[in-house]
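Me: Could you help me learn to read a protein model?
Reply: Gladly; let us look at it together.

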Amino acid sequence: MNTLIFALELVGMPAFAISGAALGMRKGMDLFGVVVLGLITSVGGGVIRDLTLGVTPPRTFSNPIYAAIAIAVSLLTFLIGRRHSPDLKRHRVWASALLITDSVGLGAFTVAGMNMAIELGHENAFLLVFVGVVTGVGGGVLRDVLAGERPYIFVKHVYATASLLGALVFLAVRAAAGFTWASLAGTAATVLLRSLSAHYRWNFPRARQEPEEDSPGPSGH
């Protein structure tokens, strides 16, 4: 199963690195900021997963290939985006590519997190689902917080729900068809729901935003 986990992470890491680097560029960050944001988006969920499962140090630090891939992809995204930035911002293909890469990363990381937990001997369904979702959305939450954005999972297109669906599909298929098919099915389910929700703008109902009260001035009046 080590090979399967590694393969899924190799799919997810570049996808999330592109997502993080693209947000950094949209925020006007310099090269260092773009690379750091891409790196954290790519490896953040895995670090949270490993700490949850008691794997120390996290695999990101014990195997430098994870950070190396994320940094390389972030650099490439910066170079391409900086050269074509005005065109890319208006290009629907670029927007679609970002959606697809982010969806693939979400699905692959969700399944990889669950496989990692199973490899360590955990079989509790709640723990497996929790670890899978945290692995999938954790890097994106860190990305949004560092970029000064409201975390994407709370405001956009049932993002965490897509990860949750993928985790549940993984559990269901694993019992009947084994790890490989379960991993493929879980990833595909996540990507499908994520893509459909973005296309059709599905969202959960939102709370009404209360108007902010005037804060007292320096004099206390």
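**Helix packing and salt bridges**

Reply: Helix α7 passes α8 in a right-handed crossing, meaning the near helix is turned clockwise from the far one by less than a right angle. This is a predicted model, where local features need pLDDT of at least 70 and side-chain atom pairs pLDDT 80 or more, while totals for chains, interfaces and linings use all residues. Residues are numbered from 1 along each chain, and side-chain values use heavy atoms, without hydrogens and water.

Me: At what angle do the axes of α7 and α8 cross?
Reply: Two packed helices are described by the angle and the distance between their axes. Here, α7 (residues 159–177) and α8 (residues 179–200) have axes that come within 7 Å and cross at roughly 155 degrees. That makes α7 roughly antiparallel to α8 (over 145 degrees).

Me: Which salt bridge does Arg174 form?
Reply: Side chains of opposite charge can pair when their charged atoms come close. Arg174 meets Glu123 in a salt bridge, 2.9 Å from N to O (the cut-off is a side-chain nitrogen of Lys or Arg within 4 Å of a carboxyl oxygen of Asp or Glu). This pair links helix α7 to the loop between α5 and α6, 51 residues apart.

Me: Which residues are linked in a network of salt bridges?
Reply: Arg26, Lys27 and Glu149 are. Glu149 lies 3.7 Å from Arg26 by their closest N and O atoms, and the Lys27 to Glu149 distance is 2.6 Å, N to O.

Notes:
Axes are lines fitted to C-alpha atoms, for helices over the stretch in contact, and angles run from 0 to 180 degrees between N-to-C directions. Helices (H or I, at least four residues) and strands (E, at least two) are DSSP runs, numbered from the N terminus. Angles under 35 degrees count as roughly parallel, over 145 as roughly antiparallel, 65 to 115 as roughly perpendicular and the rest as oblique.
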